[in-house]
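Have a look at the structure first, then read on.

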Amino acid sequence: MSFKELKLKRDIQSAVGKAGYSEPTPIQEKAIPEIIAGRDLIACAQTGTGKTAAFALPILNRLEEIRPKKIRALVLTPTRELAIQIFDSFRKYGRYLKLRTVCVYGGAKPGAQIAALERGCDILVATPGRLQDFMNSGYIRISEVEIFVLDEADRMLDMGFIGDVRKIASHLPGERQTVMFSATMPPKIEELAGELLTDPAIVKVAQTTDPADTVNQSLVFTEKVDKKHLLGDLLKKEEVKKSIVFTRTKHGADRLVRDLGKEGVAAIAIHGDKTQGQRQNALERFRSGGVKVLVATDVASRGIDIPKITHVFNYDLPMESESYIHRIGRAGRAGESGEAVTLCCEEELELLRDIEKMMKKEIPEIETSYSVPLERKAARAARRKSGADRRHSAGRGYGSSGAAGGRNSRPGISGRRRSGRDGSPDRRPGSGTSRYGKSQYQSHSGTVSV
Ligand code: AMP
């Protein structure tokens, strides 16, 4: 399908062409016709699927004329980084239109945002806190909004913004189009959707438990104390052109930047304790290639959209399995391929197990000079955790002895096949020939080996 077939106005098609997009992504194909038709919509799509354009293009298509001082579209999004990116997207796709987009978010002085609002605003991109401040002080009225987009609804919930979303929505006119984007649909989000949307169309692309298939995943079992040295080695590899390293804590991010410095690798950190200016500055240096390693926490990384990230490294495993999907989705965006390498130490085995269980897939292991054999411990962790259900599903799937057998069966970097724990070859269905099959990770492990 082409953008022309989506019946977008010529000026928008030209802007999309200038952005370098040759065809719509699946979420764009599905969502754009529904939004153009004026229907309410729930779209389940993870970041990196082209979801911003999926709502920005049809909104621009609909609001073609300027009507100053009247906000006709409101996009509510949880973080300032996301807000800025959405704003940039509207500007990019609307470059040949005479529509005005304004972005308001916290952590920045209000003056410039107020001045921008006073110049007129057709499309407002906002985070909940600053939007409410401006509504309370009379700078913003949303009572004539025609299209309301609630972006990353599940993240709004995680960040404790659901009450704010309800309050904001109560100021919107009843007669409006509402579009909700959410990577996942937990019950609280379904409930919210029931309140805010009327007879919505539902479109879905890739389950959130399905990592972007353009990302090659791999895993190294290593000692905690060796992680920084291993990461230093990995980051020095020529093919690692631009990478994000995830840590669990802000403190950990800062410490890792220092440790990497000692390893001879320049990196910058972005996390919630940095000021907005520092975060923007770090992102800009990273974007422009001034520094090629960005160390980030999960919250800070939300909404970072930097094309051409070649590698994501999980220095710490995330506490929530779903964050793993979001993290690795930073690489291999919009059709580009990328690598995601996870460094797992003994105390993280259960977190790893949860992630693999969620994906219903194992992450293939690669061997490095810092690798340690954690398989037996992994098996023990699996046994401890799955307990009862192991008895019911013995021999089938993850959680059975397959947890150990599967890992043991992973070929190492050389493609060498190790036998199972009991010395017998692994016979789990699909092993060796699945997505994690030998040929596949021979080729991809070659790009990250040490
Ligand atoms: P998003 O999911 O909105 O964060 O978008 C992820 C990335 O995909 C952004 O860098 C967009 O510029 C890019 N993108 C969006 N739509 C397309 C498309 N149709 N073709 C290629 N890249 C796209």
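## The second largest pocket

The lining of the second largest pocket divides into twelve nonpolar, three polar and five charged residues. Here Ala, Val, Leu, Ile, Met, Phe, Trp, Tyr, Cys and Pro count as nonpolar, Asp, Glu, Lys and Arg as charged, and the others, Gly among them, as polar. This is a predicted model, where local features need pLDDT of at least 70, side-chain atom pairs count only at pLDDT 80 or more, and totals for chains, interfaces and linings use all residues. Residues are numbered from 1 along each chain as its sequence is written, and side-chain values use heavy atoms, leaving out hydrogens and water.

The second largest pocket holds about 410 Å³ of space. Of its 20 lining residues, Phe87, Arg91, Thr101, Val102 and Ala116 are the closest to the centre. The elements giving two or more residues to this lining are α4 (80-93), β3 (101-104) and α5 (110-118).

## Around the ligand

Some polar contacts (pairs of N or O atoms within 3.5 Å) can be picked out. A side-chain N or O atom of Tyr21 is 2.4 Å from an oxygen atom of the ligand. Gln28 has a polar side-chain atom 2.7 Å from a ligand nitrogen, while a backbone N or O atom of Gly50 lies 2.8 Å from a ligand oxygen. Taken alone, the ligand exposes 500 Å², and the protein buries 87% of that (Shrake-Rupley method, 1.4 Å probe).

How many cavities of 30 Å³ or more turn up in the whole structure? The search finds two. On a 1 Å grid over the protein atoms alone, a cavity is a set of points where a 1.4 Å probe fits but cannot get out, whereas a pocket is an open set with protein on both sides within 12 Å along at least five of seven lines; lining residues have an atom within 4 Å of a point.

The second largest cavity has a volume of about 30 Å³. Ten residues line it, and Ala45, Lys51, Glu152, Ser182 and Ala183 are the closest to its centre.

Notes. A polar contact is a pair of N or O atoms within 3.5 Å; within protein, one must be able to donate a hydrogen and the other to accept it, and residues adjacent in sequence count only if both atoms are side-chain atoms. Grid points are joined across faces, edges and corners, and a volume is the space filled by probe spheres set on the points. Helices (H or I, at least four residues) and strands (E, at least two) are DSSP runs, numbered from the N terminus.
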